[in-house]
Amino acid sequence: MRGNGQRDGDETASPVAADAPATGRPWQGLMDYDEAMALFDPVLGLEVHVELNTVSKMFCGCSTAFGGEPNSQVCPVCLGLPGALPVVNAKAVESAIRIGLALGCSIASWCRFARKNYFYPDMTKNFQTSQYDEPLCFDGEVRLEVDGQEYAIPIERAHMEEDAGKSLHVGGAAGRIQGADYSLIDYNRAGTPLIEIVTKPVTGTGAKAPAVARAYVAHLRDVLRSLGVSDVRMEQGSLRCDANVSLSPKGSGVLGTRTETKNVNSLRSVEKALRHEICRQAAVLAAGGRIKQETRHWHEAGAYTSPGRSKEEADDYRYFPEPDLVPVAPAADWVGQLRRSLPEPPAARTERLRAEWGFTELEMRDILGAEALEQVAATVAAGTTPAAARKWWLTELARHAAETGVELAAVPMTPAQVADLQALVDAGIVNDKLARQVIEGVLAGEGSPAEVVARRNLAVVSDTSALQAAVERSIAAQPDAAAKVRSGKTAAAGALIGAVMKDLGGQADAAAVRKLILAALAD
């Protein structure tokens with residue numbers, strides 16, 4: 001048994017269950033998802049690794065800054081040189097306790113580190129300093145809502161450990177080891193403080209299992225961001241998920257054999273990887289095969305998983321207490337002080353913002369579903385109305401994110417720039433149609449909204465004589481519509497307004513044009 005409580009096992013060959021070939025072509029032996037859900041119950045086990053934003057590493061004083069020259073942020077301790085002795089980072093312990101408290105965990109009054117032994121190509125010590133049966137935080141729970149239904153995610157533990165270095169595979173596809181000519185190792189990341197948050201088996205999610213997993217990781221991201229303990233940038237690896245899943249025969253309650261898809265680094269990929277694994281495992285089991293307990297690699301480009309290595313059990317790691325570190329024994333009054341300093345929980349904050357912004361529950365749910373809450377909040381803080389912020393993030397910017405396959409937070413337009421854009425709209429410099437072109441320019445790297453307006457000459461026509469001339473041309477070209485407006489049928493002005501907008505390339509204020517048309521036809 002592992003932390004997620006799922007069974008060991010192996011996998012026999014099946015004519016429909018061969019893994020993706022060496023060519024990297026996507027997996028073909030997949031069962032339809034709805035069919036898989038009719039036959040099996042999924043059981044999840046999620047292990048989320050969080051890089052803490054401490055200034056120094058877990059057991060030494062080396063910098064944790066991202067992006068340094070390879071192997072420039074190392075010392076005898078994080079390189080594991082003989083005789084080097086580690087010292088626990090007190091800030092990392094504090095951050096770990098705050099995370100545990102925010103997840104409803106109990107905090108151990110006494111705990112120890114342990115050595116986890118197996119071959120690490122990017123850890124010179126050949127073991128990882130982690131925690132095993134004596135974690136700092138344990139027995140928590142997260143409650144979240146997906147499509148109007150509440151789910152309880154039981155937390156087994158949140159324990160402290162150090163990160164490994166980073167292997168850089170040269171010549172392979174998308175930086176993967178498959179097909180690489182050779183590998184380089186950067187030890188800058190080795191020793192970076194990590195918190196691993198491990199769930200107990202998550203049952204009862206049914207067909208919503210992938211979506212629940214995604215919502216859970218998103219919830220953790222929001223909690224961690226509110227605590228200020230990590231920058232939670234999945235694209236940089238400071239938040240990554242190992243997604244375990246097994247299938248049980250429908251209604252049996254018997255745990256199946258799990259696979260663990262490693263280091264999934266986006267919310268979208270968490271959902272897609274689990275959905276794929278459910279369909280793959282269902283095909284294997286339906287064909288009479290057995291699942292092999294192993295790690296899997298997620299291939300973003302082809303949207304499939306491939307085998308990694310056989311998954312070890314706890315005994316294989318040969319855990320034993322770390323002899324070079326003293327136990328961690330946080331004082332009860334310190335833990336109480338940290339508990340009292342916790343920020344507003346994300347769910348409470350969401351409800352408060354909904355009330356402040358005047359949104360309905362459905363409107364707020366749309367924001368949460370698009371994972372746009374932080375972007376909308378930052379745009380409102382920059383001076384835009386909530387309605388305007390919601391409009392741009394849930395339409396043009398959400399569309400761009402979907403088309404380019406990135407998270408909304410990674411869209412190359414900042415909340416401040418969205419606020420600047422809306423200010424241009426409010427000032428009458430551009431209309432909504434032109435604003436969409438401004439967004440295109442900003443996303444293309446052409447500068448700020450104001451710079452894009454100037455470069456593309458997108459400002460609305462403000463010359464009254466030019467507008468009047470366009471209005472007169474519109475009236476002359478459409479005498480029937482003009483006659484209807486003269487007779488009091490003002491709805492017919494829409495055709496005339498449209499003609500003026502077309503004449504001026506959309507660079508006109510529709511309200512101003514309407515006013516000029518009605519004035520011209522008032523006699």
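**View 1. Ala-481, a buried residue in helix 16.** At 11% relative accessibility, Ala-481 falls under the 20% limit and therefore counts as buried. This value, like the others here, comes from a predicted model. Helix 16 spans residues 479–486 and holds Ala-481. Leaving out residues up to four places away in sequence, Ala-481 touches Ala-492 and Leu-496. Ala-495 is 14 residues from Ala-481 in sequence. In space, the two C-alpha atoms are 7.1 Å apart.

**View 2. The whole protein chain, for orientation.** The chain has 523 residues, and 48% of them count as buried. Its secondary structure comprises 18 helices and 14 strands. Take the contacts between residues at least 6 apart in sequence: 69% of them join residues at least 24 apart. The accessible surface is about 23,700 Å². Carbon and sulfur atoms account for 53% of that surface.

**View 3. Phe-59 and Phe-113, an edge-to-face pair.** The whole structure contains four aromatic pairs. In one of them, the ring centres of Phe-59 and Phe-113 are 5.4 Å apart. Their planes meet at 80 degrees, so the pair is edge-to-face. Phe-59 sits in the loop between strand 1 (40–51) and helix 2 (90–102). Phe-113 sits in the loop between strand 2 (106–107) and strand 3 (114–117). The pair therefore ties together parts that are 54 residues apart in sequence. Phe-59 is buried at 6% relative accessible area, and Phe-113 is buried at 3%.

View 4. The ring centres of Trp-357 and Phe-359 lie 5.8 Å apart, with the planes at 65 degrees. This pair is edge-to-face because its angle is over 60 degrees. Trp-357 is buried, at 12% relative accessibility. Phe-359 is buried too, at 8%. Arg-390 lies over the face of Phe-359, 5.9 Å from the ring centre.

**View 5. A tyrosine cluster and a lysine.** Tyr-132, Tyr-317 and Tyr-319 form a cluster linked by ring pairs. Lys-116 places its charged end over the ring of Tyr-317. The distance to the ring centre is 4.5 Å.

**View 6. The largest nonpolar core, and another apart from it.** Nonpolar side chains tend to be buried together in soluble globular proteins. Here the largest nonpolar core has 72 residues. Ile-99, Leu-136, Met-160, Ile-195, Ile-197, Tyr-216 and Val-217 touch the most other members. Helix 3 (residues 209–227) supplies the largest share, ten residues. Leu-136 has contacts beyond its neighbours within four places in sequence, including Val-93, Ala-96, Ile-97, Ile-107, Met-160 and Pro-330. Ser-106 and Gln-131 are also among them.

**View 7. Glu-277, a buried residue in helix 4.** Helix 4 runs over residues 267–286 and includes Glu-277. Glu-277 has a relative accessible area of 0%, so this residue is buried. The side chains of Glu-277 and Thr-259 are joined by a polar contact of 2.7 Å. Not counting residues up to four places away in sequence, Glu-277 touches Val-245, Thr-259, Thr-261, Arg-296 and Thr-305.

Note on methods. Residues are numbered from 1 along each chain as its sequence is written. This is a predicted model: local features need pLDDT of at least 70, side-chain atom pairs count only at pLDDT 80 or more; totals for chains, interfaces and linings use all residues. Side-chain values use heavy atoms; hydrogens and water are left out. Helices (H or I, at least four residues) and strands (E, at least two) are DSSP runs, numbered from the N terminus. Buried means under 20% relative accessible area, exposed over 50%, partly exposed in between (1.4 Å probe, protein chains only). Contact means heavy atoms within 4.5 Å. Accessible areas come from the Shrake-Rupley method with a 1.4 Å probe; for residues, only the protein chains shown count as cover. Rings of Phe, Tyr and Trp (its six-membered ring) pair if their centres lie within 6.5 Å; planes under 30 degrees apart count as stacked, over 60 as edge-to-face and the rest as tilted. A charge sits over a ring if NZ of Lys or CZ of Arg is within 6 Å of the ring centre and within 35 degrees of the ring normal. A nonpolar core is a set of buried Ala, Val, Leu, Ile, Met, Phe, Trp, Tyr and Cys residues joined through side-chain atoms within 4.5 Å. A polar contact is a pair of N or O atoms within 3.5 Å; within protein, one must be able to donate a hydrogen and the other to accept it, and residues adjacent in sequence count only if both atoms are side-chain atoms.
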